[in-house]
Amino acid sequence: MNVAVRGHTATKQASEHFDVLIVGAGISGIGSAYHIEKQLPGTSYVILETQATFGGTWNTHRYPGIRSDSDLHTFGYSFKPWVGPPIATAEEILSYMKEVIDDNDIARHIRYKHKINSASWSSEQNLWTIEATTTDTGEAKTFTANFLWMCQGYYRHSEGYTPEWKGMDRFKGRIVHPQTWPDDIDLAGKKVVVIGSGATAATLVPNIADECAHVTMLQRSPTYFRLGRNAIEIAEELRRLQVDEEWIHEIVRRKILFEQDAFTKLCVSKPEQVKKELIGQISAVLGPDYDVETHFTPKYRPWRQRIAFVPDADLFKGIASGKASVVTDEIECFVENGIQLKSGKLLEADIIVTATGFNLAALGDIAFEIDGKPLAFGGTVTYRGMMFTGVPNMVWVFGYFRASWTLRVDLVADFVCRLLGHMKAKGKKKVEVRLRPEDHNMPILPWIDPENFNPGYMMRNMNLLPKRGDKPEWQHSQDYWTEKDEIPRTDLDDGAFVYG
């Protein structure tokens with residue numbers, strides 16, 4: 001029997017029970033809740049969120065200019081048309097998410113300021129017990145759920161990754177990480193160095209260039225970027241023709257996905273051609289005298305790391321104007337007035353921004369137990385990057401890197417709703433995945449093949465992630481264009497699924 005879900009009237013010892021418990025009210029959690037509402041009416045569910053509001057990344061990251069590096073026609077949900085520019089600000093994305101919450105009466109299911117400490121599975125009860133603490137009052141909360149839907153992402157929201165460099169304590173200025181951007185920072189007239197070359201650095205640099213005395217992007221090695229207008233011509237044309245937004249959304253999504261598929265295949269089949277085209281775009285903005293070979297010619301083939309989209313070439317226009325610059329070098333140490341580079345050059349700075357990536361947190365820093373034993377997540381094998389051997393009644397939403405994250409939110413949600421409906425029809429309370437007899441000689445490999453995709457935040461902590469096999473069903477392929485057909489066709493009575 002469910003206890004009332006409004007307010008905090010339950011005693012400290014009382015627990016509340018739900019059919020489904022969703023972890024996180026970010027883009028994945030809100031999308032998953034929508035699918036429960038539409039596909040499983042009558043299912044009781046709750047969303048537990050550590051932060052004081054929804055949004056996940058788009059709420060916690062507040063550095064200047066924060067924006068998506070995926071187009072919102074595909075990063076947006078399949079069920080909710082996106083009507084703004086394809087590359088959107090955090091504010092625009094949060095507004096879009098709020099509409100989804102309001103339109104589908106999701107807010108009453110969300111418990112904000114609830115930090116989950118532990119999650120324990122009992123095979124005797126076929127039940128998850130979740131222990132949480134309210135971050136404002138410190139009150140202990142207990143929830144039980146039949147099914148756990150992990151939508152917390154893959155990195156630690158409370159702190160970003162900053163390497164330990166020699167002499168950091170000697171630096172007289174300020175060191176900040178974009179993930180915890182301070183409200184009181186004053187950039188006016190300051191020399192700023194941004195360490196990093198990914199999407200965060202590429203966003204931050206042009207957005208503070210006008211305010212600073214000068215901003216320098218310091219990178220150890222170059223990254224690939226794609227340039228283009230922050231607009232999609234076919235969407236603009238269809239709006240001029242007054243086509244319904246639902247139609248525009250579907251048409252534009254299909255067009256973008258078709259082109260992304262072709263681009264991804266070209267990166268594999270003709271990497272040198274793609275490399276030449278990507279770098280050629282940059283040369284066209286920076287001019288023939290700029291040293292593109294040193295600063296914007298990566299040593300790896302395209303798509304072995306994420307390729308960030310730079311709308312309207314703003315990063316490169318900032319460099320061309322002289323307000324921003326790029327230095328490709330390695331750090332020897334920090335000194336009082338900046339960074340000493342291994343080349344011998346001194347990079348002066350008043351403020352240093354470490355846009356150096358994430359700290360991986362595979363299970364949201366939650367202590368998991370299965371029947372009283374701590375879960376060694378790195379010792380499990382994944383079923384399509386969603387379920388894990390030896391972990392009953394749990395699905396993790398892990399999105400795409402080569403396509404929009406949210407495409408997988410919709411795919412996984414359809415799968416979960418179908419799985420829960422299948423369990424109900426069979427009268428089963430428990431499901432887990434297990435290697436079949438024909439899988440036992442299968443090679444067990446790291447979560448991601450580093451020859452295929454190898455960003456630093458994954459490589460640093462690969463041991464924390466589950467293993468994969470060499471068969472499609474036992475890995476997260478990062479291939480949306482294959483999974484969009486394979487996952488809906490999953491045979492839920494295949495031997496990989498064990499019900500109880």
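Analyst: Start with helix H7 and helix H8. On the H7 side, the contact uses Phe-263, Leu-266, Cys-267, Val-268 and Ser-269. On the H8 side, Pro-271, Gln-273, Val-274 and Leu-278 meet them. Contact means heavy atoms within 4.5 Å. By class, the residues of this contact are seven nonpolar, two polar and no charged. Nonpolar covers Ala, Val, Leu, Ile, Met, Phe, Trp, Tyr, Cys and Pro; charged covers Asp, Glu, Lys and Arg; the others, Gly among them, are polar.

A word on the source. This is a predicted model, in which local features need pLDDT of at least 70 and side-chain atom pairs count only at pLDDT 80 or more, while totals for chains, interfaces and linings use all residues. Residues are numbered from 1 along each chain as its sequence is written, and side-chain values use heavy atoms, leaving out hydrogens and water.

Now the geometry. Two packed helices are described by the angle and the distance between their axes. H7 spans residues 245–269 and H8 spans residues 271–286. Their axes come within 5 Å and cross at roughly 115 degrees. An axis is a line fitted to C-alpha atoms, for helices over the stretch in contact, and angles run from 0 to 180 degrees between N-to-C directions. Helices (H or I, at least four residues) and strands (E, at least two) are DSSP runs, numbered from the N terminus.

Val-243 is partly exposed because its relative accessibility is 22%. Buried means under 20% relative accessible area, exposed over 50%, and partly exposed in between (1.4 Å probe, protein chains only). Residues up to four places away in sequence aside, Val-243 touches Leu-238 and Ile-248. From Val-243 to Pro-288 is 45 residues in sequence and 43 Å in space, C-alpha to C-alpha.

Go back to Phe-263. The charged end of Arg-226 sits over the ring of Phe-263, 3.9 Å from its centre. The rule asks for NZ of Lys or CZ of Arg within 6 Å of the ring centre and within 35 degrees of the ring normal.

E10 pairs with E11 in the parallel sense, over four bridges. Strands pair if DSSP finds at least two bridges between them. Leu-227 has Val-310 in E11 as its bridge partner.

Which aromatic rings pair? Rings of Phe, Tyr and Trp (its six-membered ring) pair if their centres lie within 6.5 Å; planes under 30 degrees apart count as stacked, over 60 as edge-to-face and the rest as tilted. The count by this rule is 34 aromatic pairs. One is Trp-82 with Tyr-96: the centres are 5.2 Å apart and the planes stand at 70 degrees, so the pair is edge-to-face. Trp-82 is in the loop between helix H3 (72–75) and helix H4 (90–103), and Tyr-96 is in helix H4, so the pair ties together parts 14 residues apart in sequence.

Another pair is Phe-296 with Phe-316. Their centres are 5.1 Å apart and their planes at 70 degrees, so this pair is edge-to-face. Phe-296 lies in the loop between helix H9 (292–295) and strand E11 (308–311), and Phe-316 lies in helix H10 (residues 314–321), so the pair ties together parts 20 residues apart in sequence. Phe-296 counts as buried because its relative accessibility is 1%. Phe-316 is buried too, with a relative accessible area of 0%.

Next comes His-295, in helix H9. His-295 is buried because its relative accessibility is 13%. Beyond its neighbours within four places in sequence, His-295 contacts Gln-219, Pro-222, Tyr-290, Val-326, Val-327 and Thr-328.

End with a sheet. Five strands form an open sheet with parallel pairing, in the order E7-E16-E8-E9-E12. Strand E7 (174–176) and strand E12 (324–328) are the edges, each pairing on one side only. From one strand to the next, the twist averages 20 degrees. Helix H5 (residues 199–208) packs on the sheet and touches E8, strand E9 (214–219), E12 and E16. The direction of H5 makes about 170 degrees with that of E8.
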